[in-house]
Amino acid sequence: MNLNQLETLITISKTMSFRKAGEILNLTQPAVSAQIKSLEDEFKTVLIDRNQPVTLTDSGQVFLEHAEIILQTVEDLKQRLSDLNQTPQGHIHLGTTTSIAIQILPRVLSYFQNQFPLIKTTIHSMTTSQIMHSVENGTIDIGITYLFDKHPALESSVLYYDTFELVVAPDHPLARFAHVPIERLHELPLIMLSPETAGRRFVDQILKQLYITPQVVMELSSSEEVKRMVELNLGAAIISKMSIQSELRLGTLKMIKVNELEISHPVGVVYKSGRYLSSALHQFLEDLKGMQEIQFIGSE
């Protein structure tokens, strides 16, 4: 058995085709077949049902799980050996929300890339719940998100605090007020984040506690989409104060204070407890946790 055979089996499991697997691996179809036949002979079992579409047998499914573990172990070994030269390098997969990616990460990543040019960072935009799940299952290395809930399998560190605010377009009827009581939200047409987002869960919780029933006219998956709809005066919204700094400076949105919404929420970095930290990941976390809050929330 060799690593190439394991990679071939994994690729077949994804493509369900010997031909497509060969194209991806730059191998001829007979070479792909020979590698799988060699594995089956060595382990004295049938790994692949060759009827169309190609599928893994029960033995193949078990073999696939171990093959993925073996290849990941080899990658970890390569990274550990690479780390021996004490030069932070590698590839970091970072998950965060759209608003954080736009407002915060440019400043952070600009500094980091200047200091450590050998480290590559890939940004994945997702909801808070998706971030937590992806960090826990290893799909992404770290996440930057709202720390609303504790997760036993994850380590976290607060970076800064944010609040949620009521915003309207400049020509909205409420725009002439600097402050309104929470009761004004009764039947107020609201553009909301989608239910699976952390921001929406917070708003729903607050309104439910205060027996407020808003009129939800639109639901969108990101703060950026919500802001654009509010600017068109299609409704009001309750979203992250951090995400509206640019619009407030430009005057395209008006923020209205509502006392009951003035609750600080921690935004922080999360990563899986007990996982091996490559030199790149260790350096990124150390620098991130060492940054002062003003570096995240200061005006651009």
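Mentor: Contact means heavy atoms within 4.5 Å. This is a predicted model: local features need pLDDT of at least 70, side-chain atom pairs count only at pLDDT 80 or more, and totals for chains, interfaces and linings use all residues. Residues are numbered from 1 along each chain as its sequence is written, and side-chain values use heavy atoms, without hydrogens and water.

Trainee: Okay, which residues of helix α9 are buried?
Mentor: Helices (H or I, at least four residues) and strands (E, at least two) are DSSP runs, numbered from the N terminus, and α9 covers residues 223-231. Buried means under 20% relative accessible area (1.4 Å probe, protein chains only). In α9 that gives Ser 223, Glu 224, Val 226, Lys 227 and Val 230.

Trainee: Within what arc do those buried residues fall?
Mentor: Look down the axis of α9 and take the directions from it to the C-beta atoms. The buried residues line one face of the helix, because they fall within an arc of 160 degrees.

Trainee: And what do they pack against?
Mentor: There are strands and helices on the list. The buried residues of α9 pack against β7 (164-168), β8 (189-193), β9 (215-220), β10 (237-240), α5 (98-103) and α10 (245-250).

Trainee: Which residue just after α9 takes a positive phi?
Mentor: Its phi is about 60 degrees. The residue also touches His 172, and it's Asn 233.

Trainee: Is His 172 buried or exposed?
Mentor: His 172 sits in the loop between β7 and β8. Beyond its neighbours within four places in sequence, His 172 is in contact with Leu 188, Asn 233 and Ala 236. Its relative accessibility is 12%, so His 172 counts as buried.

Terms used. Buried means under 20% relative accessible area, exposed over 50%, partly exposed in between (1.4 Å probe, protein chains only).
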